[in-house]
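Here is a short briefing for a first look. Keep the structure in view while reading.

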Amino acid sequence: MPNIWRRASLGRSFRWLWAAYAVSAYGTGLGFGAFSVVAIKVLDAGSAQVAALSSAGLALGALLAVPLGPWMEFRAKRPVMIAMDVVRFGALASIPLAYWLGVLSFSQLLVVSVVTAAAKIAFTAASGAYLKTVVPAGGLLVASSRFESTTWSATVIGPPLGGAAIGLLGPVTTIVLDAASYLLSALGIIAIRAPEQPPDPRKTRTRRWSDVVEGWRYILAHHTLRRFFCNTILVNGLIMATEPLLSVLMLSRLGFPVWEYGLAFAVPCIGGLIGSRLARRVVSRCGEQTVLRVFGTLRACWPVGLAFIRPGLAGLVIVMATELGLIICISLFNPVFATYRLNNTPTDRHARVLAAWSTTSSAGIAVLTMLWGLLAQLTGPRAALALAGVLLLGTPFLLPTSLSPGLPRLQQPRENFR
């Protein structure tokens, strides 16, 4: 392990925050795909219903989360994070309870999907703003990289164990574990003893419409963030939109066994550990601007290879190599960009900017997933995968050619000076 990682000590508050994030990340990994499994195995849902469950949850959850940004901005972030964890725990726990009582319905799955999506956006925005208060500016890249590596390690370990648990103990097992992880996360955040600076009481009253859109206003006024915003929304949306199509192509059209399909996506996630561990060293050697430009470009070059999958070992190798390259580039890009975004957003806009970013990302993924599902019905999954890959090749042109030297000067809302 590089010495720079050994020397990085971010304090007790960060360790509790990281532990809370880790336990919820592993819970999410264990519960990966659990809603689809329950919908198919328990409620006999068809492919259209499963797609609607995923897309509607993201879209409606994003819509519900829109007013949460300004609501959170001028409130203490820890109570918001704890509340969102408790909300997710309660929503998810209702599913196994209804299943054991014999009253589980597709409508309940849909409602829970929407509620958990909205709570996730709110938690992400609050935790991102809170992170900057517990970690010194020089430690933000290390902190972001640790979160990134935790995400990928949970992705490597969680889904295979979750699949085994479902096979042994039943379809709602991983939902129980996922729900419990949010309760443990809330307890971890409660254990943080460092006092949080209280918000200005003059700013906690009902917000105006201008505050609701302030996150987007700031992003669009910042030349560099605006270009990153357009780039990341499109890249994330196109990558996520192809996942259901790849499942259909591999499992239905090409006849890959389920275990090979799972292996094809679990093993490359090791690349996420590699990339996130290398992020700080690469930035030190090459510079932040070079890392964002180079790996922001490279992450768009891999998915087109998925259109050339063939049956058998050769096809499996293509998927694994493509996903490995993609994930290494993403895991190098993400923590560096997250650090840049935090450093280039004023403290009084953190929650609104992060909420606007997460809301738009979720909505974009939902819309593109539905569009690519319809496209695959007309052209077949391979052609739809190829088109997404070609469009991704154009996304590097949206990246900024240079990083802005500082924060843009925006007119503050009048009420902030009252």
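Glu 260 sits in helix α14, which spans residues 258–266. The model is predicted.

**Glu 260**
- Glu 260 has a relative accessibility of 18%. The cut-off for buried is under 20%, so Glu 260 counts as buried.
- Leu 316 lies 56 residues away from Glu 260 along the chain.

**The nonpolar patch**
- Six names make up a nonpolar patch on the surface: Trp 259, Leu 263, Val 267, Ile 270, Ile 274 and Leu 278.
- Together these residues have about 520 Å² of accessible area.
- Helices α14 and α15 (270–286) each supply at least two residues of the patch.
- Which helix gives the most to the patch? Helix α15 does, with three residues.
- Ile 274, one of the patch residues, is found in helix α15.
- Ile 274 counts as partly exposed because its relative accessibility is 40%, and that class runs between the 20% and 50% cut-offs.

**The whole protein**
- The protein has 19 helices and zero strands.
- It has 418 residues, and 51% of them count as buried.
- Take the contacts with a separation of 6 or more: residues 24 or more positions apart account for 88% of them.
- The accessible surface comes to about 18,800 Å². Carbon and sulfur atoms hold 68% of that surface.

Notes:
Residues numbered from 1 in each chain as written. Predicted model: local features only at pLDDT ≥ 70, side-chain atom pairs only at ≥ 80, totals over all residues. Heavy atoms only, no water. Helix = DSSP H or I, 4+ residues; strand = E, 2+ residues; numbered from the N terminus. Buried < 20%, exposed > 50% of the residue type's maximum accessible area, 1.4 Å probe, protein only. Patch = residues over 30% accessible without salt bridge, like charges linked within 9 Å, V, L, I, M, F, W, Y side chains within 5 Å. Areas by Shrake-Rupley, 256 points an atom, 1.4 Å probe, with all protein chains shown as cover. Salt bridge = Lys/Arg side-chain N within 4 Å of Asp/Glu carboxyl O. Contact = heavy atoms within 4.5 Å.
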